[in-house]
Amino acid sequence: MSRKILLEHIDVPGINTFDTYRKMGGYRSVEKALKTMSPDDVVEEVKKSGMRGRGGAGFPTGMKWSFLAKPVGVPRYLVCNADESEPGTFKDRYLMEKIPHALIEGMITSSYALGANTSYIYIRGEYFYVLRILEKAIAEAYANGFLGKNILGSGYDLDLYVHPGAGAYICGEETALLESLEGKRGNPRVKPPFPAIAGLYACPTVVNNVETIAAIAPIVNMGGDEYAKIGIGRSTGTKLISASGHINNPGIYEIELGLPVEEFIYSDKYCGGIKNGKKLKAVVAGGSSVPILPANLILKTANNEARLMSYESLSDGGFVSGTMLGSGGFIVYDEDSCIVRNTWNFARFYHHESCGQCSPCREGTGWMEKVLHRIEYGHGKLSDIDLLVEVSKKIEGNTICPLGDAAAWPVASAIRHFREEFEWHIKEASISQTRNFGLLAAHEALVK
Amino acid sequence: MADKIKVTIDGQSVEVEPGTTILNAARQIGGDIVPPAMCYYSKLKGSGGKCRTCLVKVAQGSEKDPRPMPKLVASCQTQVMDGMVVENTTSPEVLEARKGIVEMLLINHPLDCPVCDQAGECDLQNLSFEHGASNSRYEFERRTFDKVDIGDKIQLHMNRCILCYRCVYTADQITEGRVHGVLNRGDQSEISTYISAAIDNDFSGNVIDVCPVGALTDKTFRFKNRVWFTKPVDAHRDCDHEKCSGKVVLWYKGEDVLRVTARKDQYGEVESFICNTCRFEKKATADWTIEGPRKIEDTSVISSNHYEMAHPLPVIEKNEALIEANKKMFHKKIK
């Protein structure tokens, strides 16, 4: 359960340089793909691997690739989404910073599979120093003949560019990213058409997360069937988890999907338990937009089975008692955390980041933030709780892009699981300004 | 041309060309089942999908794949499939969602209809009358902006804006050179010109007509009169501007033409765009050839006060076409 694939050579000194990376077996997938496989063979291997997109939605990558339209005479593009901006997620930055060539190798192999001759890495503006690292790595790849014209004498040409965003969360949404890459205002597009039909410059485009693309190299190297054996069920492979919050060892962990959540939180190999010997209160398992779960539900599903770190197990029970793996931003809260303040903080983020294009999200996110602010600072009314639930329902599913859902879920789930705490915040307004609520009585007996 | 496909909306079937959107199919049927649209504008490419008031439920995706669509869809963007079954006014879910959208649209809207020039012909006013609640649950300060003059003929009152982007598409597609767009994001987004540059081209006045609310108003008409006290009359002139049709509506008060607008159809869309000269400069009856009275829907407040018998408009008495049209009402007065 501790097999490392992406971060296998993370501790090798100088792994960020081309020579060391090559010595450790880097760029083998490019050689294998370009010399021995047809583009369709590569797509087939990725399909067999069963890998699901690592950006958050968890859509099978091979299937996404097979949807790509291939009209004659029209260029196709691969765009890497390195606009990692989900609060709680920082895995892509780590990967790009430490092993930039892993992403570039994946980009070359994937571009070959998709028949793209120009590919882009869209990186968030705040990662400016990572952009320099990537550009250096790209220059090295060009110098060694892995990018440019006639790569490895195969006749395949590829140009790779890095493009920085200007610091907007919304540009992590794939169509907003494409708009921004085209030099326009980063507003999500109305779908259909999906990017696979008309994406960048109205040409067929695939947009994939950094981690997804980096995982293409090992899939090609070991073969799709072999990769599919790692993990559990339909959650194949390994996943980078960004662990943060009240834990002893915050950081990036590469886990094999299917690891029990309990082991992940309490094992010394991973998070190392809750800081200062406190009790676990809640977990946001996949970045700020996924529903928050209280300790009892994150460790065990509603059917009393152990909850695993996998797409299926985390979403077991739907949104009533489950959550999502999302992008793997694993935020842990101890018993002293204030769920109301945390929810307000998330709502403030989504209010700030709403692009303002469609009405429910533009107006609703601000409304939710204001109501939560009022509750947090002791001016709430009991009717506010139902109002929040109603506003979140009016936003959810009615917007152009998933930002509306992402704003609605944390609020709705916090109220679903921690309603007592919200009520306490309102009824005991003056006390709530001096101390935190602590654990719910119902949860206390169940957690370590 | 491919065969026509059949779509059923609220129990009424219609056959349309492939590629038609649900909204346009509903408009072919007409009547109450047409979803309201605040941002979609058939004459502007790329418009729509933003306001979400036209959300409908697709109860059956198509003949081949009868599964319903999981979410409500924007009818102005979703193309019909053969055998699609759509629920608009018959779906409580849709009406509930629409009520929510209207509430959202109104929470930052100043509701200053009593002093707004658009009142009486405002899409948002009609929408909230039909779908909105009588009071708001929003208890916070509304966002506010200063009024801005964009050019000497147009005023932008951003507080009232619902960010439909219609004016942006108009400025982009109808006028020469784009100087007009959206700044900032979220609920702080604002329609603006780059560093308050004036909109200075001979088609800019059309942004006033496409605005569904009172955010962009005609400065030559501001505070002159309430629209329901004015009398709309169809007229045309031979405009030498190549893109201008010269077909307008003159809004009379007494003998004076208070304003000139393009002709709008029943969905509030202009029939053809007009140039600034026709809109702002030609405000004398002598400039125009009168065609006849403008037909305004019975439900509009504008039609409540028309062509009263006691004091027919001087323009009606002078014009053959208007005399003919109003013969029944005025037979006693008109000689």
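## Exercises on a predicted two-chain model

Chain B is divided into domain 1 (5-97), domain 2 (108-218) and domain 3 (227-330), with bounds that come from an automatic or database domain assignment. This is a predicted model, in which local features need pLDDT of at least 70, side-chain atom pairs count only at pLDDT 80 or more, and totals for chains, interfaces and linings use all residues. Residues are numbered from 1 along each chain as its sequence is written, while chains are lettered from A and ligands numbered from 1 in the order in which they are written.

### Exercise 1. Domains

Find how far apart the centres of domain 1 and domain 3 lie in chain B, then do it for chain A.

*Solution.* Start with chain B: 34 Å separate the centres of domain 1 and domain 3, taken over C-alpha atoms. Next, chain A is assigned domain 1 (18-228), domain 2 (231-334) and domain 3 (339-444). The C-alpha centres of domain 1 and domain 3 of chain A lie 36 Å apart. Finally, look at where these two meet: 10 residues of domain 1 of chain A are in contact with 8 residues of domain 3 of chain A. Contact here requires C-beta atoms, placed from the backbone, within 7 Å. On the domain 1 side of chain A, the residues touching domain 3 are 7 nonpolar, 2 polar and 1 charged. In this scheme Ala, Val, Leu, Ile, Met, Phe, Trp, Tyr, Cys and Pro count as nonpolar, Asp, Glu, Lys and Arg as charged, and the others, Gly among them, as polar.

### Exercise 2. The contact between chains

How many residues does the contact take from chain B and from chain A?

*Solution.* Chain B gives 25 residues and chain A gives 22 residues. Now see which element of chain B supplies the largest share: helix H2 (residues 92-107), with 6 residues. Helices (H or I, at least four residues) and strands (E, at least two) are DSSP runs, numbered from the N terminus.

### Exercise 3. A parallel sheet in chain A

Work out the strand order of the open sheet of 4 strands in chain A.

*Solution.* The order is S3-S2-S1-S4, with parallel pairing; two strands pair if DSSP finds at least two bridges between them. The edges are strand S3 (159-164) and strand S4 (205-209) of chain A, each pairing on one side only. Inside the order, S1 (residues 77-82) and S2 (residues 118-123) of chain A pair in the parallel sense over 6 bridges. Val79(A) has Tyr120(A) in S2(A) as its bridge partner.

### Exercise 4. An enclosed strand

Is strand S10 (residues 280-284) of chain A enclosed or exposed, and which strands pair with S10(A)?

*Solution.* First, count: 5 of the 5 residues of S10(A) are buried, so this strand is largely enclosed by the rest of the structure. A residue is buried if 20 or more other C-beta atoms lie within 10 Å of its own, exposed if 12 or fewer, and partly exposed in between, with C-beta atoms placed from the backbone. Next come the partners: S10(A) pairs with strand S13 (residues 329-334) of chain A in the antiparallel sense over 4 bridges, where Ala282(A) stands opposite Tyr333(A). Strand S11 (residues 292-294) of chain A is joined to S10(A) by 3 bridges, also antiparallel, and Val283(A) has Leu293(A) as its bridge partner.

### Exercise 5. The largest nonpolar core

Identify the residues that touch the most other members of the largest nonpolar core.

*Solution.* A nonpolar core is a set of buried Ala, Val, Leu, Ile, Met, Phe, Trp, Tyr and Cys residues joined through C-beta atoms within 7 Å. Of the 196 residues in the largest one, Val79(A), Cys80(A), Leu103(A), Val283(A) and Val332(A) touch the most other members. Helix H19 (residues 403-427) of chain A gives the most to this core, with 12 residues. Zoom in on Leu103(A): beyond its neighbours within four places in sequence, its contacts include Cys80(A), Leu95(A) and Val210(A).

### Exercise 6. Glu312(A)

Is Glu312(A) buried or partly exposed?

*Solution.* Glu312(A) lies in helix H14 (residues 311-314) of chain A. With 16 other C-beta atoms within 10 Å, Glu312(A) is partly exposed. Leaving out residues up to four places away in sequence, Glu312(A) touches Gly233(A), Arg234(A) and Ser235(A).
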